[in-house]
Amino acid sequence: MLKKAASQNLISGLLPHVIPGGVVSLQYADDTILFLENSTQKARNFKWLLSCFENLSGMKINFHNSDLMTINVDDAFAKEFAQIFCCKKGSFPIKYLGVPLHYDKLKREDLQPIIDRIIKGISGWLGRYLTYKWKIILLCACVISIPAYLMYVIKFPKWAINAINSQMAHFFWGNL
């Protein structure tokens, strides 16, 4: 439905010069991110399409539980878009699928909770009861998967990588 509307120029997303109609949406399970050009008319068209989706599918979109995120848009336009979509205006950084997102470089305070969660997980283990083989298995299965998933999406700064590696080495070598 969104692709057809984009092909008819009723809506347009990001990067229309790369993908015809632009990137209009990203979806995972019940989470959806919609992208829209800075145009109030196209925003109204987008809202109409969402209403059509509700009527056709029988599902309801909870706009009061949704946030409008804008980048390089005046506050007046942002308020107008929020009124069109009947939602509140949010601010960056946000978390999407557990990943902190920001239009600019992430700050230390944005990544610190993730680093703390990884370090807290490692510090609770009793490594003295495990052989080196089982320590490696535990680290690979439980710890490395968390930052690996995040590193696919965002670039970790050196301080974060060093903090994780330090805690992993501390666990592996047993407080040496």
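Residues are classed here by relative accessible area: buried means under 20%, exposed over 50%, and partly exposed in between, with a 1.4 Å probe and protein chains only. By this scale methionine 59, with a relative accessible area of 49%, is partly exposed. The structure is a predicted model, in which local features need pLDDT of at least 70 and side-chain atom pairs count only at pLDDT 80 or more, while totals for chains, interfaces and linings use all residues. Residues are numbered from 1 along each chain as its sequence is written, and side-chain values use heavy atoms, with hydrogens and water left out.

The protein has seven helices and six strands. Helices (H or I, at least four residues) and strands (E, at least two) are DSSP runs, numbered from the N terminus. Along the sequence these elements follow the pattern α-β-β-α-β-α-β-β-β-α-α-α-α. The radius of gyration is 22 Å, well over the 16 Å that the globule rule gives for 176 residues, so the protein is more spread out than a compact globule. This radius is taken over C-alpha atoms, and the globule rule is 2.2 Å times the number of residues to the power 0.38. Along the principal axes, the C-alpha atoms fill a box of roughly 65 × 35 × 35 Å. Of the 176 residues, 30% count as buried. Contact means heavy atoms within 4.5 Å. Among contacts between residues at least 6 apart in sequence, 50% join residues at least 24 apart.

Strand S1 runs antiparallel to strand S2 (residues 31-34), and four bridges join them. Two strands pair if DSSP finds at least two bridges between them. Serine 25 has leucine 34 as its bridge partner in S2, and tyrosine 28 has aspartate 31. The hairpin of S1 and S2 has two residues between the strands, and alanine 29 takes a positive phi near 55° there.

Methionine 59 is located in the loop between helix H2 (40-57) and strand S3 (67-68). With neighbours within four places in sequence left aside, methionine 59 is in contact with Phe53 and Glu54. The loop between S3 and H3 holds asparagine 72, which has a positive phi of about 55° although it is not a glycine. Asparagine 72 is exposed, with a relative accessible area of 79%.

Helix H3 (residues 75-85) has the buried residues Ala78, Phe81, Ala82, Ile84 and Phe85. These residues are on the same side of H3 because they cover an arc of only 160° around the axis. The arc is that of the directions from the helix axis to the C-beta atoms. The buried residues of H3 pack against H2, S3 and strand S4 (88-89). On the face turned away from this buried side, H3 carries the exposed residues Asp75, Ala76, Lys79 and Gln83.

Cysteine 86 follows H3 and is placed in the loop between H3 and S4. Cysteine 86 is not a glycine, yet its phi is positive, at about 55°. Its relative accessible area of 42% makes cysteine 86 partly exposed, whereas cysteine 87 is buried, at 14%. A disulfide is a pair of cysteine sulfur atoms within 2.5 Å. A search of the whole structure finds zero disulfides. Cysteine 86 is in no disulfide, and its nearest cysteine sulfur, that of cysteine 87, is 7.7 Å away. The sulfur of cysteine 87 likewise has its closest cysteine sulfur in cysteine 86, and the 7.7 Å between them is too far for a bond.

A further backbone feature concerns a peptide bond. Phenylalanine 92 and proline 93 are joined by a cis peptide bond, with omega about 0°. Proline 93 belongs to the loop between S4 and strand S5 (94-96). Most residues other than glycine have a negative phi, and most peptide bonds are trans.
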